[in-house]
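Hi,

Here is the structure I promised to pass on.

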Amino acid sequence: MTNKKVGIMGGSFNPIHHGHLVVANEVLNIYNFDEIIFVPAGIPPHKNGLKTNPWDRYMMVQIATVSNDRFTVSDIEIKRTGKSYTLDTLIQFREMYPDTEFYFITGMDAVIDLPNWHEPDKLLKLCKFIAVSRPGIDKDVIENKIKEIKDTLNGHIELMQVPMLQISSTDIRERIKNGISAKYLLPETVEQYIIKNKLYR
Ligand code: ATP
Ligand code: MG
């Protein structure tokens, strides 16, 4: 018997912004999760051109989520040494939270990449997926791709429309690098953390 429902929001959160927070809150409203766990990915700073210290990304997620008592943050992937896979995270969470049903939340841009994740068929047996709308994504193309993924990997993926915010971490990093204001795209306290710690310069 499952008596808890938990959403997992994975990402690099480099930095976290209002796009992420609106998605999490909308999903929380509809699914009435007991908790949404934000899981900053354990990408080492030298990988993918990400020069940000993983603990800075983690701290920014903590700061951004303080005002919501159903938002929590996990350092499970950041603490992990070596390669870090979502599958391992799900296995660990299922041990930590027995009798819990897990939903992994992604944008529609991220979900179509699922076949390239580590052992996606196993992952899809451990959790359901919720794929939310994101600007710049062609809905028809995505729906076809998702149908394909569902058929080949035999997984459960639900689509959900959320208020669309054209915000990305890439754009925020670019702005800060070029001295252009990123105000109102992300929580003010996160912006202050970025300035104080001289990130993305
Ligand atoms: P980057 O530009 O560095 O890739 P990002 O803004 O895409 O950053 P991520 O940390 O890669 O942020 O995203 C984590 C998850 O949140 C992904 O599943 C992504 O699809 C989703 N997401 C991010 N921004 C939005 C947005 N504005 N609307 C809907 N979903 C989003
Ligand atoms: Mg992204």
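**What I found**

The side chain of Asn14 and the side chain of Tyr200 make a polar contact, at 2.8 Å. Bear in mind that this is a predicted model. Asn14 itself sits in the loop that runs between strand 1 (4-11) and helix 1 (18-31). Its relative accessibility is 1%, so Asn14 counts as buried, the cut-off being under 20%.

Pro187 is another one to click on. You'll find Pro187 in the loop between helix 8 (169-177) and helix 9 (188-196). With 11% relative accessibility, Pro187 falls under the 20% cut-off and therefore counts as buried. What does Pro187 touch, once its neighbours within four places in sequence are left aside? The contacts are Ile16, His17, His18, Leu21 and Ala64. Take His18 from that list: Pro187 and His18 are 169 residues apart in sequence, yet their C-alpha atoms are 6.9 Å apart in space.

Then there's Ser67, in the loop between helix 2 (54-65) and strand 3 (71-73). Is Ser67 buried or exposed? Ser67 has a relative accessible area of 72%, and exposed means over 50%, so Ser67 is exposed. Between Ser67 and Ile195 there are 21 Å in space, C-alpha to C-alpha, and the two are 128 residues apart in sequence.

**The whole chain**

Zooming out, the secondary structure of the protein amounts to 9 helices and 6 strands. How does the radius of gyration compare with that of a compact globule? For 201 residues, such a globule would come out near 17 Å, and the protein has 17 Å, so the two agree. If you're setting up a box, the C-alpha atoms fill one of roughly 50 × 40 × 35 Å along the principal axes.

Cheers

Note on methods. Residues are numbered from 1 along each chain as its sequence is written. Chains are lettered from A and ligands numbered from 1 in the order in which they are written. This is a predicted model: local features need pLDDT of at least 70, side-chain atom pairs count only at pLDDT 80 or more; totals for chains, interfaces and linings use all residues. Side-chain values use heavy atoms; hydrogens and water are left out. Helices (H or I, at least four residues) and strands (E, at least two) are DSSP runs, numbered from the N terminus. The radius of gyration is taken over C-alpha atoms; the globule rule is 2.2 Å times the number of residues to the power 0.38. Buried means under 20% relative accessible area, exposed over 50%, partly exposed in between (1.4 Å probe, protein chains only). A polar contact is a pair of N or O atoms within 3.5 Å; within protein, one must be able to donate a hydrogen and the other to accept it, and residues adjacent in sequence count only if both atoms are side-chain atoms. Contact means heavy atoms within 4.5 Å.
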